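Please keep the sequence and the 3D view at hand while reading.

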Amino acid sequence: MSLETRHTEKNILFMLLEALKSDPKLAESKSFKKIISQLEATMEPEDVQLVLKKIADLD
């Protein structure tokens, strides 16, 4: 997987999780959760962990 693709995936996941954090009602959307799960499944595990850490650090 190219570095550009990995960077793009990390940015998209970050934006989705940031939206989820700012609007908890999104957690009720099965489609929204499915999008996040599908994206995480295609990503490198270390990239997912990096994004999750960045989201946790927003607190």
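## Salt bridges and core

The structure holds 3 salt bridges, a salt bridge being a side-chain nitrogen of Lys or Arg within 4 Å of a carboxyl oxygen of Asp or Glu. The model is a predicted one, in which local features need pLDDT of at least 70 and side-chain atom pairs count only at pLDDT 80 or more, while totals for chains, interfaces and linings use all residues. Residues are numbered from 1 along each chain as its sequence is written, and side-chain values use heavy atoms, with hydrogens and water left out.

| Salt bridge | Closest N and O atoms |
|---|---|
| Glu-46 and Arg-6 | 3.3 Å |
| Asp-47 and Arg-6 | 2.7 Å |
| Lys-53 and Asp-57 | 3.0 Å |

Arg-6, Glu-46 and Asp-47 are linked in a network of salt bridges. Helices here are DSSP runs of H or I with at least four residues, numbered from the N terminus. The salt bridge of Glu-46 with Arg-6 likewise links distant parts of the chain, with Glu-46 in helix H3 and Arg-6 in helix H1, 40 residues apart.

Is Asp-47 buried or exposed? Asp-47 is buried, with a relative accessible area of 4%, where buried means under 20% relative accessible area, exposed means over 50% and partly exposed lies in between, computed with a 1.4 Å probe on protein chains only. Glu-46, by contrast, is partly exposed, with a relative accessible area of 46%. In the remaining pair of the table, Lys-53 and Asp-57 are both exposed.

Leaving aside neighbours within four places in sequence, Asp-47 is in contact with Arg-6 and Lys-10. Arg-6, when residues up to four places away in sequence are not counted, touches Met-1, Glu-44, Glu-46 and Asp-47. Arg-6 and Thr-42 are 36 residues apart in sequence, and their C-alpha atoms are 9.9 Å apart in space.

The nonpolar part of the structure can be described next. In soluble globular proteins, nonpolar side chains tend to be buried together. A nonpolar core is a set of buried Ala, Val, Leu, Ile, Met, Phe, Trp, Tyr and Cys residues joined through side-chain atoms within 4.5 Å. The largest such core has 10 residues, namely Leu-13, Leu-16, Leu-17, Phe-32, Ile-36, Leu-39, Met-43, Val-48, Val-51 and Ile-55. The elements giving two or more residues to this core are helix H1 (3-22), helix H2 (30-42) and H3. One of the core residues, Leu-39, touches Glu-9, Ile-12, Leu-13 and Leu-16, when residues up to four places away in sequence are not counted.

Two further side chains complete the description. Lys-54 lies over the face of Phe-14, at 5.5 Å from the ring centre, a charge being counted over a ring if NZ of Lys or CZ of Arg is within 6 Å of the ring centre and within 35 degrees of the ring normal. Ser-22, which lies in helix H1, counts as exposed at 62% relative accessibility, and the side chain of Ser-22 reaches the backbone oxygen of Ala-19 at 3.1 Å.

Key: Contact means heavy atoms within 4.5 Å. A polar contact is a pair of N or O atoms within 3.5 Å; within protein, one must be able to donate a hydrogen and the other to accept it, and residues adjacent in sequence count only if both atoms are side-chain atoms.
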